[in-house]
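Biologist: I have a model open and would like to walk through it with you. Could we begin with the aromatic rings?

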Amino acid sequence: MPANSKYLTKSPLQQFAKISAGIVGGYAISALLHMILALWIPMHHEVLITSFFTTFIVWCALLIVPYLFDNGWKVWGVYLITIILLYLLFQIANANNPFV
């Protein structure tokens with residue numbers, strides 16, 4: 001059964017914003033999240049090994065989230081704010097890391 005056309009996004013710019021936010025923004029968020037976990041958890045070797053699998057799982061979940069929003073540019077805003085916050089947390093954790 002095909003999707004109801006009133007629920008589909010008509011604008012190609014909105015479609016591009018949602019797809020690019022899911023692919024690029026979702027990967028950046030999942031990678032930064034696992035980089036922070038590797039710094040915070042004492043056994044960072046185990047985190048790095050399992051992060052190959054869990055990064056993909058988190059990325060797939062974050063790839064679906066933009067389609068829950070009506071506006072793709074709002075998703076980019078939310079993702080960019082999340083990326084900036086995670087990057088700041090990573091810098092703070094990396095500065096306080098005794099192993100560096």
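Biologist: How many aromatic pairs does the count come to?

Modeller: This is a predicted model, and in it the count comes to two aromatic pairs. One of them joins Tyr27 and Trp59, whose ring centres are 5.7 Å apart and whose planes meet at 80°, so this pair is edge-to-face.

Biologist: Why does that pair count as edge-to-face?

Modeller: Planes over 60 degrees apart count as edge-to-face, and the planes of Tyr27 and Trp59 are at 80°, so the pair gets that label.

Biologist: And which helices do Tyr27 and Trp59 lie in?

Modeller: Tyr27 lies in helix α1, which covers residues 12–40, while Trp59 lies in helix α2, which covers residues 44–64, so the pair ties together parts that are 32 residues apart in sequence.

Biologist: How exposed are Tyr27 and Trp59?

Modeller: Tyr27 is partly exposed, with a relative accessible area of 47%, and Trp59 is also partly exposed, with a value of 23%.

Biologist: Okay, what about the other pair, with Phe56 and Trp59?

Modeller: Phe56 and Trp59 form an edge-to-face pair as well, with 6.3 Å from centre to centre and 65° between the planes. Both of these residues lie in helix α2, where they are three residues apart, or about one turn of the helix. Taken together, Tyr27, Phe56 and Trp59 form one aromatic cluster.

Biologist: Switching topic, how many helices and strands does the protein chain have?

Modeller: The protein chain has three helices and zero strands, and reading along the sequence gives the pattern α-α-α.

Biologist: Then what share of the residues count as buried?

Modeller: Of the 100 residues in the protein chain, 28% count as buried. The protein chain exposes about 7,200 Å², and carbon and sulfur atoms supply 77% of that area.

Biologist: Last one: what share of the contacts comes from residues 24 or more positions apart?

Modeller: Among contacts in the protein chain with a separation of 6 or more, residues 24 or more positions apart account for 78%.

Terms used. Residues numbered from 1 in each chain as written. Predicted model: local features only at pLDDT ≥ 70, side-chain atom pairs only at ≥ 80, totals over all residues. Heavy atoms only, no water. Phe/Tyr/Trp six-rings, centres within 6.5 Å; stacked < 30°, edge-to-face > 60°. Helix = DSSP H or I, 4+ residues; strand = E, 2+ residues; numbered from the N terminus. Buried < 20%, exposed > 50% of the residue type's maximum accessible area, 1.4 Å probe, protein only. Contact = heavy atoms within 4.5 Å. Areas by Shrake-Rupley, 256 points an atom, 1.4 Å probe, with all protein chains shown as cover.
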